[in-house]
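Please read this briefing alongside the sequence and the coordinates. The points are grouped by topic.

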Amino acid sequence: MEANVLWGFPQIPHMLYTLALTLGAQQVAVLGWAMGLLAVLGLSGHFADRFGDQLGWVAPAVLLSGTSLAASLAWGYVDWPSILFGWMTLYGLDRYLQKEELTWAILAGLGSGLALGSKYPAGLLLVSGAATLLLLGRKKAKALLSFLAAAGLVALPWALRNLLATGNGIYPMLFSGGVMDAFRLQATQALPAQGNWLDLLLLPFRAVLFGLESGRVGGAPGYEADLGIAILAFALFAWLDRQRLPAGELTSLRLLALFSMMTIVVWVVAARLSGHLVRTHLYYFAFPAFAGLAVLGFRNVSHL
């Protein structure tokens, strides 16, 4: 453990892959593909139910139109698990706002806890989920406590492990602990911000238009993910005709917009603090919300 500080990261998908190997799987990437398939089917069914049966294909299509997400279905990594758990959070919150049943707030909390147990940046789901319940929900106190308790049940074991071993609950990030002294923190995390002021103002556009995988001709520095143009092109039109939306669809739109805007704001600020934090794959947990906006935008454009 002293030689490899990466043991401190939360590792729910890694443990699932390890379990698959223990049970005799020859290629654990098959499990990653299966979680990607669950995410695709979940997104398709969710938005078909919410915005119309004819639109179930749009969310998977805009996500898979980019090279990076399509290719990463074959990886034994955390990208599609993050999307799956991000969708689980979004779906639970959407159902809670429609039905006001605490079971759905608990489901959302479990999703955000699983996402945080996969990658530290997914802690933003906790903030976005709490903001959703406080701003859009009723029975705010019960729902918020249920959401946070469910998330903590899943995510806290990783923090307790790190705290007991190093004194830093989010080891090896942010704070000194274990073998991560101030010098190593500076060397590994204080990377200079990449890009320029245009990234501050136009990050979603630049991430989509120029965020090619590193090494490809024309790729802008930092983003390291080829998303395809469809997800942004359609999401921009999500707010058309919002005055005519039924109450349930308007609530879903507000949820999607809140998740998306909070993620973009954090992404922009974080990217200027550290060159590492501009990388698109760190925010895959929010892509179900982006895809949901694209579904609405596609429907609005198709009506013109």
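Predicted model: local features only at pLDDT ≥ 70, side-chain atom pairs only at ≥ 80, totals over all residues.

**Aromatic pairs**

- The count of aromatic pairs comes to 11, and one of them joins Phe234 and Phe298 edge-to-face, with 5.2 Å from centre to centre and 75° between the planes.
- This pair links distant parts of the chain, since Phe234 belongs to helix α11 whereas Phe298 belongs to helix α13 (residues 287–303), 64 residues apart.
- Tyr284 and Phe287 also form an edge-to-face aromatic pair, at 5.2 Å centre to centre and with 85° between the planes, and both Tyr284 and Phe287 are buried.
- Trp57 forms one aromatic cluster together with Phe234 and Phe298.

**Charge over a ring**

- The charged end of Arg95 is placed over the ring of Trp104, at 5.0 Å from the centre of that ring.

**Nonpolar surface**

- A nonpolar surface patch of about 1,200 Å² is made by Trp197, Leu200, Leu201, Leu202, Phe205, Leu209, Phe210, Ile229, Leu236, Phe237, Leu240 and Leu304.
- Leu240, one of the residues of this patch, is found in the loop between α11 (230–235) and α12 (247–273), and at 36% relative accessibility Leu240 counts as partly exposed.

Key. Residues numbered from 1 in each chain as written. Heavy atoms only, no water. Patch = residues over 30% accessible without salt bridge, like charges linked within 9 Å, V, L, I, M, F, W, Y side chains within 5 Å. Areas by Shrake-Rupley, 256 points an atom, 1.4 Å probe, with all protein chains shown as cover. Salt bridge = Lys/Arg side-chain N within 4 Å of Asp/Glu carboxyl O. Helix = DSSP H or I, 4+ residues; strand = E, 2+ residues; numbered from the N terminus. Buried < 20%, exposed > 50% of the residue type's maximum accessible area, 1.4 Å probe, protein only. Phe/Tyr/Trp six-rings, centres within 6.5 Å; stacked < 30°, edge-to-face > 60°. Lys NZ or Arg CZ within 6 Å of the ring centre and 35° of its normal.
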